[in-house]
Each structure stands twice: as C-alpha cells, then as structure tokens.
Amino acid sequence: MPPSRLGLVVVFIVLNAVGLGVAGCSSGNPAPAPQFTGPYASELQKLSATTQDKDVKAAVADGKITLAENDAAFERYVACMGDQGAPLSLNRLNGEIVGFVADTVVPDQVFDAADLACKGTAQDLTVLYKVMTSNPQHEDAAVVVVRCLKEAGLVGPEYSAEQYKEDVVADSLPFKLTDS
C-alpha cells in the first residue's frame, strides 16, 4: 500500500474514532433545521441543529459538503488560531488539506486555549466531510478499512472486520503502519 493511501486509512480510522460530537447549546428559538436525506442524513441533521457557526450551517444546508466548503472551514480555523496568538499554516498534499503546521512555537496553554476557541469554525464540518468522502455509502468503517487492507496485501483474504475491531482494541494489528 502506498504511504499516502495507508495514511488515508489511518486518518479514516482516527476520524471515525473522533466521531461527530458537538458541544454547545442555542438560545432563543432557532429556525428549524433542514431535513436531510441520504446515508449521512442523521449526521448532517445533528451538525445543522447543534452548530453555532453560521458558515457551518450554510455549508450543510443543501445536504452535502463540498471541497470548497471544507477548505473554507480549514481557512477559518487557521485565521482564528492566528487571531488567538497561535498561528498555523495549512499543510497540503496533492492539493488536499491534510493538516496544520505551527508557524511559531507557543506555550501549550496558549495553543490549547486558541484551539478550544476555534474548534467550532471547522472541526465538525471537516471531520464529516472526510468521513463522507472516504465512505460515501456510510458502510461500517471496519468493513471499509479491511477491504483497503486486503487490496494493499497487508492482511489475508480471511481477515474480517470483526477481527480488525478486536485487533484495534487489543492494539495488535497484524501489520505495521509503516508497511507498504
């Protein structure tokens, strides 16, 4: 498996583990959230109903998240972090945003406070975008990962999603993340 594909598998696993929990509550009588259909309807509904961010609400209103909306969310996060004293730059691979690079060293407490203040600008939207594009039919994540591992030759044809789940819990995957 090429390192970039293996990296996507790892990112996919992490993103699924992160989940889509959203903190916060709204005040007053908000407008009713749009009704969504499709494999990710419940996730879109939850994000639309719970986010305080007007840009996130607008991005999911049509029931999908585009690459441009995803990138804009990352850009808002980077701008917010800079405003909070923890400047970042986007790290791209083949044009896709894959992470952040700190522009300067800042104390942990400054970074943590900035991250807490800025998470609502991007995190839930970008996680959902990555999950939706990595797994458009909303299959069990373990099934998708095992299919990819088999295609890469990292596990045998008998390896199952159930075994993968057990191996993840036991931290005993039958391959190294550096294998390719």
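Lys165 is found in helix H8, a segment spanning residues 161-170; helices (H or I, at least four residues) and strands (E, at least two) are DSSP runs, numbered from the N terminus. The model is a predicted one, in which local features need pLDDT of at least 70 and side-chain atom pairs count only at pLDDT 80 or more, while totals for chains, interfaces and linings use all residues. Residues are numbered from 1 along each chain as its sequence is written, and side-chain values use heavy atoms, with hydrogens and water left out.

With a relative accessible area of 40%, Lys165 is partly exposed; on this scale buried means under 20% relative accessible area, exposed over 50%, and partly exposed in between (1.4 Å probe, protein chains only). Leaving aside neighbours within four places in sequence, Lys165 is in contact (heavy atoms within 4.5 Å) with Asp140 and Ala142. A separation of 9.7 Å is found between the C-alpha atoms of Lys165 and Val143, which are 22 residues apart along the chain.

Asp171, in the segment after H8, has a positive phi of about 55° although it is not a glycine. Most residues other than glycine have a negative phi. Asp171 counts as exposed, at 69% relative accessibility. His138 also has a positive phi, of about 60°, and is not a glycine. This histidine lies in the loop between H6 and helix H7 (141-151) and is partly exposed, with a relative accessible area of 33%.

Helix H6 (residues 123-134) also takes part in a helix pair, packing with helix H4 (residues 67-83) at an angle of about 145°, with the axes 9 Å apart. Here axes are lines fitted to C-alpha atoms, for helices over the stretch in contact, and angles run from 0 to 180 degrees between N-to-C directions. From H4, Leu67, Glu69, Asn70, Ala73, Phe74 and Arg76 meet Leu125, Thr126 and Tyr129 of H6. The residues of this contact divide into 5 nonpolar, 2 polar and 2 charged, where Ala, Val, Leu, Ile, Met, Phe, Trp, Tyr, Cys and Pro count as nonpolar, Asp, Glu, Lys and Arg as charged, and the others, Gly among them, as polar.

Turning to the strands, E1 (residues 88-93) and E2 (residues 96-102) pair in the antiparallel sense over 6 bridges; pairing requires that DSSP finds at least two bridges between two strands. Ser89 stands opposite Val101 in E2. The hairpin of E1 and E2 has 2 residues between the strands, and Asn94 takes a positive phi near 55° there.
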